Amino acid sequence: MMYPNNLYMLIIVIPYILIMNRYKKNINAVRLFSITGAYLQSMIICGLLGLVLLVIGMTEPIVPAYKKTTVIRNTSIVFVLDVSNSMTMKGSKTTALDDAKEYITRLLLLQESKQNTDCFYSLIAFKGKAVVLVPAVQETGYIIDALTWVQPASISGAGSALADALALAKSAVHEPESAVLIICTDGNSSSADRELIELYTLGIETYIVGFGSESPSVITNSDGNIIRDNTGKPIQLRRNRQQLLLWAKKGHAHYCDFEDSDSFDKRLKEILSLKKAQGLAVTREKPLQLKQFIALISYCLLAISYSSYLLLHKHYMEFLCGKD
């Protein structure tokens, strides 16, 4: 379920049960022998089931692995790049941000080498806020150029707004079922569990690549000065691998460390090649959203219950009028 916290709304069944029990007592009190107890009970149960299913539908339940045949069209590859100050930590050669830029450039050059290039590319960078640096384009050069100049100073504000970046990514794709999302970060952002799950339920294939040193290193601000805490001690950060793995698990995403990207790239190449095959019908395991089916069943049950209530109430009022 996407939003299990919504289950607290099941509390609405309590007043419903109390009201229906009171109504049942009133019906029994006037002795409407033309109305059977089974009819009254089925009306109450239908309404109760309808309410319960309505609340369950609000949690947006899904079937994690459902085989579905889709036609690949309008393929989108969205890169989400972390340019927060934490990405100035030590990387393989210079900084984690430089490693991330090099990784994205390598993937784009790989795509250029393929004969079939019918694909849209986007680049989103985030720091304290998220910005679409390059909207959907088919020329990889635009993104490669943007990577050469983007720095933490390019985006104002402190922090690391991954959730905002993922929200922008969702609107950047043409066809979610044919989209690939590649997140390059060090894992020191605030939680974005909800956004990752939403991307998964839409059918977007998400990859998370972890950058940064495994041991703590200093970070710098937009002016290149070492960031210090209130005591004047340099703040040191490292790749938050535990957080990255947790995000991947919650969002049904694929994860790898930058150092292990060779095996990661191999799998990614296969998926990108498949998704670039315009008009190809492919059967894959994708999440299936159940909310629309549950909503339909809930509507039918509530409609039956309400219709039964109107009929019952009509007899009830006729009996009272006849008694007077």
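This is a predicted model: local features need pLDDT of at least 70, side-chain atom pairs count only at pLDDT 80 or more; totals for chains, interfaces and linings use all residues.
Let me start with a term: a residue is buried when its relative accessible area is under 20%, exposed when it is over 50%, and partly exposed in between, using a 1.4 Å probe and protein chains only. Residues are numbered from 1 along each chain as its sequence is written, and side-chain values use heavy atoms, with hydrogens and water left out.

First, the overall picture. The protein chain has 324 residues, and 45% of them count as buried. Its secondary structure consists of nine helices and 10 strands; these are DSSP runs, H or I of at least four residues for helices and E of at least two for strands, numbered from the N terminus. Take the contacts, meaning heavy atoms within 4.5 Å, between residues at least 6 apart in sequence: 80% of those join residues at least 24 apart.

Now the interior. A nonpolar core here is a set of buried Ala, Val, Leu, Ile, Met, Phe, Trp, Tyr and Cys residues joined through side-chain atoms within 4.5 Å. The largest one has 35 residues, and Phe79, Leu81, Ile182 and Phe211 have the most contacts inside it. Elements giving two or more residues to this core include β2 (76-82), α3 (96-112), β3 and α4. Helix α3 gives the most, with seven residues. Another core, of 24 residues, lies apart from it, and Val78 and Trp247 are among its members.

What is phenylalanine 79 in contact with, leaving aside its neighbours within four places in sequence? The list includes Ile104, Leu107 and Leu108, as well as Tyr121, Ile143 and Ile182.

Tyrosine 121 sits in strand β3, residues 120-126. At 1% relative accessibility, tyrosine 121 is buried.

On to helix α4, residues 140-149. Its residues Thr140, Ile143, Ile144, Ala146 and Leu147 are buried. They lie on the same side of α4 because they cover an arc of only 160° around the axis, the arc being that of the directions from the helix axis to the C-beta atoms.

Last, a loop residue. Histidine 252 is in the loop between α7 (241-250) and β9 (254-257). Is histidine 252 buried or partly exposed? Its relative accessible area is 42%, so histidine 252 is partly exposed. Its phi is near 55°, a positive value in a residue other than glycine. Most residues other than glycine have a negative phi.
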